[in-house]
Amino acid sequence: MTAAPFTSGFLYWIALDFGGSDPADVARFNRFYDETHVPEVLARHPGFAAAHRYAIQVPDERGDLGGTYLAAYEVESEQAAVAYLAGQGADDGARPGYTDDPPLWPDLLTHRWRVLYEKVAETAPSAGVPDAVYIIGIDPPAE
């Protein structure tokens with residue numbers, strides 16, 4: 001684990017929607033994700049240093065632009081990021097497997113998007129664990 005959050009050079013973010021509203025299903029999902037899935041991801045992918053999870057608090061009033069949950073994995077190096085991406089294109093048999101937890105994955109969970117970001121700037125070093133993450137998408141013009 002890294003000492004302070006978001007200090008790695010790369011972040012791999014996954015937006016997830018959980019289709020159930022039964023509190024028992026939500027608790028099961030959170031328990032499985034935290035206790036089983038996250039440790040498996042960190043163990044199976046060298047360079048994945050830490051994981052953070054967030055639940056949406058205020059949806060964007062302009063439209064449905066994000067998932068209910070955000071999983072943010074810190075990736076320590078470009079080599080680790082490239083190796084991970086290369087593995088994602090491999091045949092299913094060549095990719096590391098994860099523990100199944102039916103019926104959560106196929107019936108209640110939707111992956112909205114997955115992105116890998118490289119840090120290009122920061123205003124100051126992390127001073128503590130953030131309580132919230134505010135995501136703003138920017139696509140600057142070529143010129």
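What follows is a working chat about a predicted model of one protein.

Colleague: What am I looking at, and which residues count?
Modeller: This is a predicted model, where local features need pLDDT of at least 70 and side-chain atom pairs count only at pLDDT 80 or more, while totals for chains, interfaces and linings use all residues. Residues are numbered from 1 along each chain as its sequence is written, and side-chain values use heavy atoms, with hydrogens and water left out.

Colleague: What is the mean pLDDT?
Modeller: The mean pLDDT of the protein is 80, and 78% of its residues reach 70 or more. pLDDT is the predictor's confidence in each residue, from 0 to 100.

Colleague: Which elements have the lowest and highest mean pLDDT?
Modeller: Helix H3 (residues 104-108) has the lowest, at 66, and S3 has the highest, at 92. Where pLDDT is low, the predicted coordinates should not be read in detail.

Colleague: How many helices and strands are there?
Modeller: Three helices and four strands. Helices (H or I, at least four residues) and strands (E, at least two) are DSSP runs, numbered from the N terminus. From the N terminus on, the order is β-α-β-β-α-α-β.

Colleague: What order do the strands take in the sheet?
Modeller: The four strands form an open sheet in the order S2-S3-S1-S4, with antiparallel pairing. Strand S2 (48-55) and strand S4 (109-118) are the edge strands, each pairing on one side only. From one strand to the next, the twist averages 15°. Two strands pair if DSSP finds at least two bridges between them.

Colleague: How many bridges join S1 to S3, and how many join S1 to S4?
Modeller: Seven bridges join S1 to S3, and S1 (residues 10-18) pairs with S4 over nine bridges. Both pairings are antiparallel.

Colleague: Why is S1 called largely enclosed?
Modeller: Because nine of its nine residues are buried, S1 is largely enclosed by the rest of the structure. Buried means under 20% relative accessible area, exposed over 50%, and partly exposed in between (1.4 Å probe, protein chains only). Both faces of S1 are covered: Phe-10, Tyr-12, Ile-14, Leu-16 and Phe-18 are buried on one side, and Leu-11, Trp-13, Ala-15 and Asp-17 are buried on the other.

Colleague: Where does H1 lie?
Modeller: Helix H1 (residues 23-44) lies across S1, S2, strand S3 (69-75) and S4, and runs at about 165° to S2. Axes here are lines fitted to C-alpha atoms, for helices over the stretch in contact, and angles run from 0 to 180 degrees between N-to-C directions.

Colleague: Back up to the segment before S1. Is Ser-8 buried or exposed?
Modeller: Ser-8, in the segment before S1, is buried, with a relative accessible area of 6%. A polar contact of 3.1 Å joins its side chain to that of Glu-74. A polar contact is a pair of N or O atoms within 3.5 Å; within protein, one must be able to donate a hydrogen and the other to accept it, and residues adjacent in sequence count only if both atoms are side-chain atoms.

Colleague: And Thr-7, how exposed?
Modeller: Thr-7 is partly exposed, with a relative accessible area of 40%.

Colleague: Now Glu-118. What is it in contact with?
Modeller: Glu-118 is in strand S4. Leaving aside neighbours within four places in sequence, Glu-118 is in contact with Gly-9 and Phe-10, contact meaning heavy atoms within 4.5 Å.

Colleague: What about Ala-127, buried or exposed?
Modeller: Ala-127 is exposed, with a relative accessible area of 87%, and is in the segment after S4. Ala-127 and Pro-5 are 8.7 Å apart in space, C-alpha to C-alpha, and 122 residues apart in sequence.

Colleague: Last one: how much of the whole protein is buried?
Modeller: Of its 143 residues, 30% count as buried.
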